[in-house]
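Here's a quick briefing to read alongside the sequence and the 3D view.

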Amino acid sequence: MLKYLYKGIILLCIFAGSLYYFGRDIKEEVFDIQKTIKMDETSFPILAIRLGKAEINLLHGYSNNLNANMVRDSITPLDSDQSFEVVIDGKENDVKRVIYELRSVTDNKLLETDTINALEKEENKKTAKIKFKTELGEGTEYGVKITLVTSESRKMNYYTRVKLQPSSYYNEKLDFVMDFHDSIMDKDKAEDMIIYLEPDADADNTTLSYVNIHSSFELVRWGDLKPQILGSVVPAVKEINPDTASVELKYIISAETESGLEYYYVKEFYRVRYTSSRMYLLNYERTMESVFDMELTSLKESEFKLGITNQPDTDLVTSSDNNKLSFVRQRELWYYNLAENSAVKVFSFRQENTDYVRDVYDEHDVRILSMDDDGNIDFMVYGYMNRGVYEGRVGIVLYKYYSGENRIEELLYIPMNVTYQILKEELDSFSYVNQLDVFYFILNHKIYAYSLITKELTVIASGVGAEDFVVSKEEHYIAWQNSGDPEESTEIVILDLESGKEEKISAPAGNNLNLLGRINNNIIYGFVKTDDITTNLDGSILVPMYKIAIADSQSNILKEYSKKGYYVTGTTVKDNVITLERVKKENQDGGIHYVSVQEDNILNTIINETKAIGLTTRVTQKTLTEFYISLPSGFNLEEKPEYNNTINTVITEDTTLRLEGAEVMKEPYTVYALGGIAGIYEQAGAAVHQAYMAAGVVLNQYQQNILERGIKSTTKEIGNITPIYTSGDTDSIAACVGMMRNYQSGSKDSGNLESGTLYEMLEKSMGDAVLNLTGCTLEEVLYYINKEVPVIAMKNEDSAVLIIGYDAYNITVIDPSLHKSMKIGLNDSTDMFEKAGNLFFTYLADNQ
């Protein structure tokens with residue numbers, strides 16, 4: 001008997017010791033499931049970069065390790081001494097030392113690391129000077145990771161990029177930006193800024209939500225509003241080169257309006273150019289978003305004030321009886337019960353004692369996944385976690401709000417090792433929670449289903465690209481094709497997200513299916529004969545579909561389209577119209593060719609539903625256009641809603657789900673513009689076009705610079721290109737490929753070319769360096785001529801030329817068919833290339 005007693009005592013001691021050991025690092029006190037706690041407040045230090053007297057690039061800390069070469073939130077320009085200062089606002093932390101790493105962005109290779117133990121004190125902050133010993137390449141970006149170590153051995157990581165640019169004139173550019181910013185806040189000084197603006201009579205001057213260089217001077221200087229900045233304004237350098245710089249300012253303002261004291265998030269974007277004689281403002285954009293405040297409710301109109309916003313398409317989620325409402329405003333989730341006239345701020349990182357920096361950091365978002373008729377909400381927070389148990393981490397947290405108990409409970413945590421900017425590009429496409437507590441989401445081209453009850457993760461489909469699936473939350477289904485390869489796609493799967501039941505549409509023998517999109521809640525797809533699928537000159541796949549079908553979620557065909565002799569190659573949907581891009585098959589020179597013909601349309605019947613709860617607008621003298629949520633007709637607000645915050649339920653079980661490949665696979669080309677990621681593209685041409693239009697930058701998957709919009713020379717001519725003309729088996733396409741290959745390799749003759757399409761020949765000759773710029777304009781591809789890289793252009797369906805130069809009026813080409821070099825007027829050549837489909841090709845040179 002004593003043996004069992006001793007055994008029980010020993011087990012009890014082990015249990016108690018385990019509780020102590022594993023509970024030491026738990027920040028939040030653990031209660032019974034009925035007990036709740038408040039979210040921990042922000043605790044991380046803030047770090048800024050100092051160059052001379054200027055402080056730039058406010059950095060937020062990460063508690064997990066990211067690949068330094070994948071973070072591109074800011075760029076720190078360096079002079080020839082290759083140094084900068086780190087200014088540390090430790091907040092509640094005693095920072096003892098700084099560790100830094102310098103890495104190559106192309107392969108993340110560690111180039112240098114060191115530890116700084118002697119930190120300088122500066123009032124309530126500390127500073128450390130980082131000076132790189134590694135010789136940096138001028139104009140080349142490097143990734144830098146800065147780790148702060150506190151007296152409690154706590155480590156926090158901060159990331160920036162550095163760029164050796166001795167002649168960047170960053171001081172002059174930053175001074176101009178801050179002077180412009182300060183001046184437009186002052187009605188008297190603002191007059192001095194008029195010369196930099198480009199007012200356009202067609203600009204929308206009815207709203208403060210979006211103001212740009214073409215807006216009226218009155219709007220630029222805030223109209224009748226008198227904004228007061230809360231906190232400090234630290235410029236973030238987004239792009240910089242010897243001529244230009246892109247700078248972003250983020251801050252919060254308060255202002256007295258017709259409704260009372262209101263608060264706003266403001267973001268300014270500047271693109272400036274330095275010359276020895278003066279500064280130029282190339283672009284200016286300002287966005288403004290109201291902070292939602294239930295105290296601003298309009299009793300007279302029975303409306304909630306959203307205020308000034310660029311997001312009038314706010315998703316209003318209602319119960320079936322329209323008695324309950326939930327919505328997200330500026331990363332805050334709100335819930336309102338009409339019957340009880342009570343409101344709840346369900347989730348927000350913003351604190352009452354905000355410092356206007358850490359808790360309001362905007363690198364995350366909140367999304368409502370579902371709300372039942374009892375007001376219980378499934379929602380997701382994804383991105384950088386500003387505070388709480390996951391402070392400093394990037395991840396996806398799934399919560400449930402229980403309206404009857406006014407509490408939220410964490411259901412799932414998925415850690416990710418990427419920035420929010422990268423995560424949102426893929427996660428924004430699809431996520432869903434059904435009534436059986438199954439969470440569906442897409443990451444890394446995989447459709448996942450995770451049971452919140454059994455904790456089982458299932459990969460439903462793999463290799464699903466952005467163009468390979470469609471979603472209807474109203475009809476609760478997702479549909480995808482079984483392959484992204486048009487010649488392998490033989491099946492479309494329609495999954496009912498509530499029941500888990502699958503419907504399948506199969507292609508007849510010798511045919512393939514192509515999922516094209518969605519109109520209303522119905523899917524659009526096409527039939528194509530496998531033998532008709534062909535490869536274009538630019539390497540893209542032409543899929544000529546002989547029949548188009550529209551089907552519902554049960555795969556029942558509602559409408560079909562086919563016309564003898566005509567084939568559909570693509571579709572676009574706008575409102576209730578499907579526009580069909582069409583071709584015709586023709587015999588030319590003994591071969592089959594597809595020739596573009598006039599578009600056609602399919603009209604679809606739309607049933608317009610009037611929503612009981614919707615958005616409306618008003619215009620006032622100070623704030624101009626503002627948005628309101630209008631409540632159901634006949635519902636009258638007699639008093640402002642009572643509102644409060646939720647508190648978290650702390651549960652003891654681990655909710656973490658670790659995915660393979662938590663770094664998220666990006667498409668090959670990423671566009672950075674207007675202060676963030678403007679898009680991720682599979683094709684270089686689409687990325688270059690977007691970046692050029694937005695004056696941005698394109699990086700490939702190896703973080704190599706594909707394009708950086710700058711000021712190009714007024715004239716350029718590439719020398720040392722030995723002409724190759726048509727002769728025998730060498731047509732103009734092969735001749736152009738040969739000239740480009742020889743120029744790249746530095747050889748006068750690099751041997752015979754293998755046959756194939758233009759793109760195939762280039763790929764065999766140059767591998768991953770090839771850039772398919774199809775879809776770009778002539779003006780855009782002249783960027784590469786300016787970098788002394790020739791460009792192949794198709795002048796018609798069969799003939800190519802090599803562009804080797806330009807001036808203010810002409811381009812210079814080598815035309816193998818005409819056996820000569822020649823100049824062509826810019827307008828004439830632009831027209832010629834457009835008629836040929838704007839098919840351009842070049843390669844990534846080492847000096848780019």
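In helix α5 (residues 684-693), the buried residues are A684, G685, A687, V688, A691 and Y692. Buried here means under 20% relative accessible area, exposed means over 50%, and partly exposed is in between (1.4 Å probe, protein chains only). Helices (H or I, at least four residues) and strands (E, at least two) are DSSP runs, numbered from the N terminus.

Bear in mind that this is a predicted model: local features need pLDDT of at least 70, side-chain atom pairs count only at pLDDT 80 or more, and totals for chains, interfaces and linings use all residues. Residues are numbered from 1 along each chain as its sequence is written, and side-chain values use heavy atoms, with hydrogens and water left out.

- The buried residues of α5 pack against β48 (669-673), β49 (676-681), β50 (697-700), β51 (705-708), β53 (770-772) and α8 (778-786), where contact means heavy atoms within 4.5 Å.
- After α5 comes A695, which has a positive phi, near 55 degrees.

**Helix α4**

- Helix α4 (residues 420-427) is largely enclosed by the rest of the structure, because 7 of its 8 residues are buried.
- Those buried residues are Y420, Q421, I422, L423, K424, E426 and L427.
- They pack against β23 (364-371), β24 (377-384), β25 (394-402), β26 (407-416), β28 (438-443) and β49.

**Cysteines**

- Searching the whole structure turns up 0 disulfides, a disulfide being a pair of cysteine sulfur atoms within 2.5 Å.
- For C736, the closest cysteine sulfur is in C776, 18 Å away, which is too far for a bond.
- C736 counts as buried, at 0% relative accessibility, and C776 counts as buried at 0% too.

**Salt bridges**

- There are 38 salt bridges in the structure, each one a side-chain nitrogen of Lys or Arg within 4 Å of a carboxyl oxygen of Asp or Glu.
- R329 and E289 form one of them, with their closest N and O atoms 3.2 Å apart.
- R329 sits in strand β20 (residues 324-329) and E289 in strand β17 (residues 279-290), so this pair ties together parts that are 40 residues apart in sequence.
- Both R329 and E289 are buried.
- D94 and K96 also meet through their side chains, at 3.3 Å from N to O; D94 is partly exposed at 32%, and K96 is partly exposed at 42%.
- R358 pairs with D355, with the closest N and O atoms 2.8 Å apart, and R358 is buried, at 9% relative accessible area.
- Salt bridges with shared partners link D89, K91, E92, D355 and R358 into one network.
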